[in-house]
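Q: Hi! Could you walk me through the aromatic rings in this protein?
A: Happy to, let's bring it up.

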Amino acid sequence: MDNIVEDEAMRQIKFSVPGQPFGKQRPKFSRAGQYVKTYTPDETVSYENLVKLMYQQAAKGRMFKDEDMLDVRVIAYYEIPKSVSKKKRKLMLEHRIRPTKKPDWDNIGKIICDSLNKVAYHDDAAVVDAQVRKFYSEQPRVDVTIRVIGPNEI
């Protein structure tokens, strides 16, 4: 699925992050005397690094331009629970039953976009349109498409 549309400027990229979808966790706090230290949980850091790696493998060192307006589409595919019936499994694979469990859609989008800061784009403030969708699949993963949108697109 990894591909890039070739021309003088990067216009679109698609890549996949293998494994169960993961959402951005809240920062943690620890106290050292009268000081409070804020830190990102290890699981979040690991997943962000995986997202960066998958992007870098697909992009081959390319980034979007600072002035680009970006549209990000994220499709999170959750593993089908082993305990479901064949009938329910079929409905899940047909996308007629969709995941209503954590992580929430917004936390999935946030970890993807935050991970790509200074890797795919200068800052995720360049993302002007986004969508996160959740489905079931036999291959859990997160598929990401980032594309440049023009001033005439709404």
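A: A word we will need first: a residue is buried if its relative accessible area is under 20%. Also, keep in mind that this is a predicted model.
Q: Okay, so is F15 buried or exposed?
A: F15 is buried, because its relative accessible area is 0%.
Q: How many aromatic pairs are there?
A: The count comes to three aromatic pairs. In one of them, the ring centres of F15 and Y55 are 5.7 Å apart and the planes sit at 80°, so this pair is edge-to-face.
Q: Where in the chain are those two?
A: In distant parts: F15 belongs to strand β2 (residues 12–18), while Y55 belongs to helix α1 (residues 42–59), and 40 residues separate them.
Q: And Y55, buried or exposed?
A: Y55 counts as buried, since its relative accessibility is 1%.
Q: Got it. What about F22 and Y47?
A: Their ring centres are 5.4 Å apart with the planes at 35°, so that pair is tilted. It also links distant parts of the chain, 25 residues apart: F22 is in the loop between β2 and β3 (28–32), and Y47 is in helix α1.
Q: Which label does F22 get for accessibility?
A: F22 is partly exposed, with a relative accessible area of 23%.
Q: New topic: what sits over the ring of Y77?
A: That would be the charged end of R141, 3.9 Å from the centre of the Y77 ring.

Key: Residues numbered from 1 in each chain as written. Predicted model: local features only at pLDDT ≥ 70, side-chain atom pairs only at ≥ 80, totals over all residues. Heavy atoms only, no water. Phe/Tyr/Trp six-rings, centres within 6.5 Å; stacked < 30°, edge-to-face > 60°. Helix = DSSP H or I, 4+ residues; strand = E, 2+ residues; numbered from the N terminus. Buried < 20%, exposed > 50% of the residue type's maximum accessible area, 1.4 Å probe, protein only. Lys NZ or Arg CZ within 6 Å of the ring centre and 35° of its normal.
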